[in-house]
Amino acid sequence: MRVGVLTGGGDCPGLNAVIRAVVRKGVQDYGYDFIGFRDGWRGPLEGDTMPLDVKAVRGILPRGGTILGSSRTNPIKVDRGIERIRENLQKLEVDALVAIGGEDTLGVATRLHEHEVKVVGVPKTIDNDLGATDYTFGFDTAVNIATEAIDRLHTTAESHRRVLIVEVMGRHAGWIAIHSGMAGGANVILIPEQNFDVEEVCGWVDSRFRTNYAPIIVVAEGAIPLAGQMVTKDQTLDAFGHVKLSGIGDWLASEIEKRTGHEARTTVLGHVQRGGTPTAFDRWLATRFGFHAIDAVNAGDWGKMVALHGTDVVTVPLEAATRELKTVPPALYDEAKVLFG
Ligand code: F6P
């Protein structure tokens, strides 16, 4: 049996840990051969491969990024994309694929499964917005990086009595914002799931200054003001139709300055949240996902994705992962609000 492995979408801490676990267990327990596809779906689409054996995965457990490279290539948008992938898999004598990725990568995997490609998915994203799994790996690392940044920003906020705004990633889900905001002791957390009222935010800013402390606001890149629109970098869309988010932090700073007279500054954490070594939790989760993914291959559990349910790793249908976005429930946001202002 020859198994192809690919990583698609934004890079994410823990991808290498999955690759290592898949290959180690696949070779040791099942005697499989592996082949790495470069840059997400571009690899199988163009037949671009690299050797993937036990030697190639030595030492990669703590490394961020992905040794296979990644891209947002969407074969569904490419002429004969699905057929070309099928042809290349046949030519390269690849019997099965392990696709590691988020909503977009797993969406393509679902389509390939419908076209009889033997595929198993592994959910990754720092955004934690995939349904059917309690957590995705990469999320915990992003939350820890954002929390450390918030901890550090408290110093300047208090020394200069400034409003400090931290813009975090997460696309249309507020998971990174709510986890890091609560962990870092933010005074306001704004998430995409609930449009915010700038006047109310200014009220929280004022009340924080009245208690002689300076406010820290965590805003998710996809957060939207009540009377307004989502702020985007520009109007260009990627191959999966996503806009580039970011900018809401700067917009909010200028509104707060205008309305309260307090100096407000924004720190955009950006790709720092996806960089560097994964946390212990993400290495643990990614490694277990890798083991269970290759077990699924061995069991012929095609069209499935590994998922964390409580402390168990299970398999669920691939399309369950992408059916709907997993967002922050209102009750959880209400819980966090106790600390606002
Ligand atoms: O999905 C992960 C993520 O980091 C999002 O939080 C963010 O909106 C997006 O990817 C950024 O993508 P890119 O690196 O392609 O600009």
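Visitor: Which element gives the most to the lining of the second largest pocket?
Guide: H3 does, with four residues. Keep in mind that this is a predicted model.

Visitor: OK, and where is H3?
Guide: Helix H3 covers residues 81–91. Strand S4 (96–101) is listed beside H3 as an element that gives two or more residues to that lining.

Visitor: What about the largest pocket, what volume does that have?
Guide: About 640 Å³. Its lining is made up of 35 residues, and those closest to the centre are Arg72, Met169, Arg171, Glu221 and Arg274.

Visitor: New topic. Where does the ligand sit?
Guide: In the largest pocket.

Visitor: Which residues surround the ligand?
Guide: Arg72, Ile126, Asp127, Met169, Gly170, Arg171, Glu221, His271 and Arg274. Arg72, Met169, Arg171, Glu221 and Arg274 are also the ones named as closest to the pocket's centre.

Visitor: How many of that shell are charged?
Guide: Five are charged, with two nonpolar and two polar residues making up the rest of the shell.

Visitor: What lies 2.7 Å from an oxygen atom of the ligand?
Guide: An N or O atom in the side chain of histidine 271. Arginine 274 also has a polar side-chain atom placed 2.8 Å from a ligand oxygen atom.

Visitor: And glycine 170, which part of it lies 3.1 Å from a ligand oxygen?
Guide: For glycine 170 it is a backbone N or O atom that lies at that distance.

Visitor: How much of the ligand's accessible area does the protein cover?
Guide: On its own the ligand has 400 Å² of accessible area, and the protein covers 79% of that.

Notes
Residues are numbered from 1 along each chain as its sequence is written. This is a predicted model: local features need pLDDT of at least 70, side-chain atom pairs count only at pLDDT 80 or more; totals for chains, interfaces and linings use all residues. Side-chain values use heavy atoms; hydrogens and water are left out. A residue is near a molecule or strand if one of its heavy atoms lies within 4 Å of it. A polar contact is a pair of N or O atoms within 3.5 Å; within protein, one must be able to donate a hydrogen and the other to accept it, and residues adjacent in sequence count only if both atoms are side-chain atoms. Accessible areas come from the Shrake-Rupley method with a 1.4 Å probe; for residues, only the protein chains shown count as cover. On a 1 Å grid over the protein atoms alone, a cavity is a set of points where a 1.4 Å probe fits but cannot get out, and a pocket is an open set with protein on both sides within 12 Å along at least five of seven lines; lining residues have an atom within 4 Å of a point. A molecule sits in a cavity or pocket if more than half of its atoms lie within 2 Å of its grid points. Ala, Val, Leu, Ile, Met, Phe, Trp, Tyr, Cys and Pro count as nonpolar, Asp, Glu, Lys and Arg as charged, and the others, Gly among them, as polar. Grid points are joined across faces, edges and corners, and a volume is the space filled by probe spheres set on the points.
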